[in-house]
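Dear colleague,

I am handing over the structure we spoke about, and I would be glad if you could look through it with the notes below at hand.

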Amino acid sequence: MNTLKKAVLLLILPLFAFTVAHKYYVSVTQIDYVEEQETVQIITRIFIDDFENVLRQRYDQSLVLNDNRDEDEIDKYIEKYLTSRIQIKINNEPVTISYLGKKYTDDIANCYIEITNVKSIKSFEVKNEVLFDVFPDQKNIVRTNINSKNKSFILITENDKGLLKF
């Protein structure tokens with residue numbers, strides 16, 4: 001019986017060696033130009049646990065997202081972080097992004113950003129470094145709908161900018 005246990009152990013043990021959980025770090029940012037409103041509307045979706053991790057490291061170790069407490073303070077931290085990590089140029093000119101707020105859906109923080117007074121877009125450059133400072137394997141997927149054209153790209157630490165020309 002003892003050799004049977006050893007044989008089973010030798011057969012099963014290698015299977016566990018290949019089942020190590022691998023965590024993926026990704027955010028998705030949707031950018032829409034609403035021409036009739038002259039606005040660029042942006043939604044950045046970030047996993048709550050990853051976002052909480054970076055906000056704790058940067059601003060407040062006791063911070064907890066999605067617990068319905070200290071929401072004004074959390075919004076200040078989110079705004080400060082996102083406006084330092086997302087930069088946009090429209091027609092080769094840097095623009096100011098305005099943080100509007102957030103909403104939690106399951107394990108995702110949906111952060112809403114807007115750029116106003118956008119008359120037309122001939123070129124659009126986005127630099128998205130969200131979570132790059134904490135997770136070197138972070139990937140930021142950017143999807144755009146600008147001038148009725150849909151484009152997508154993936155930004156990584158080594159290539160954190162995307163440029164579209166219309």
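What follows is a short account of the strand pairing, the packing of a helix and the aromatic contacts.

Please keep in mind throughout that this is a predicted model.

I begin with strand β6, which covers residues 108-115 and has 7 of its 8 residues buried, so that it is largely enclosed by the rest of the structure. Strand β2 (residues 39-47) pairs with β6 in the antiparallel sense, over 8 bridges, and within this pairing Ile-42 has Ile-113 of β6 as its bridge partner. Strand β5 (residues 98-105) is likewise joined to β6 in the antiparallel sense, here over 7 bridges, with Ser-98 standing opposite Glu-114 of β6. The strands β5 and β6 form a hairpin that leaves 2 residues between them, and in this hairpin Asp-106 takes a positive phi near 55 degrees.

A further point concerns an open sheet of 4 strands, whose order is β4-β3-β7-β10 and whose pairing is antiparallel. Its edge strands are β4 (93-95) and β10 (161-165), each of which pairs on one side only. When direction is ignored, neighbouring strands of this sheet are turned against each other by 20 degrees on average. Within the sheet, strand β7 (residues 123-128) and β10 run antiparallel and are joined by 5 bridges, and Phe-124 has Leu-164 as its bridge partner in β10. Helix α3 packs on this sheet, where it touches β3 (86-90) and β7, and the direction of α3 makes about 50 degrees with that of β3.

With ring centres required to lie within 6.5 Å, the count comes to 3 aromatic pairs. One of them is formed by Tyr-59 and Tyr-77, whose rings are 5.1 Å apart centre to centre with 0 degrees between the planes, and this pair is stacked. Because Tyr-59 lies in the loop between α2 (48-58) and α3 (71-85), whereas Tyr-77 lies in helix α3, the pair ties together parts that are 18 residues apart in sequence.

With kind regards

Technical notes:
Residues numbered from 1 in each chain as written. Predicted model: local features only at pLDDT ≥ 70, side-chain atom pairs only at ≥ 80, totals over all residues. Heavy atoms only, no water. Phe/Tyr/Trp six-rings, centres within 6.5 Å; stacked < 30°, edge-to-face > 60°. Buried < 20%, exposed > 50% of the residue type's maximum accessible area, 1.4 Å probe, protein only. Pairing = 2+ DSSP bridges. Axes fitted to C-alpha atoms, helices over the stretch in contact; angles between N-to-C directions. Contact = heavy atoms within 4.5 Å.
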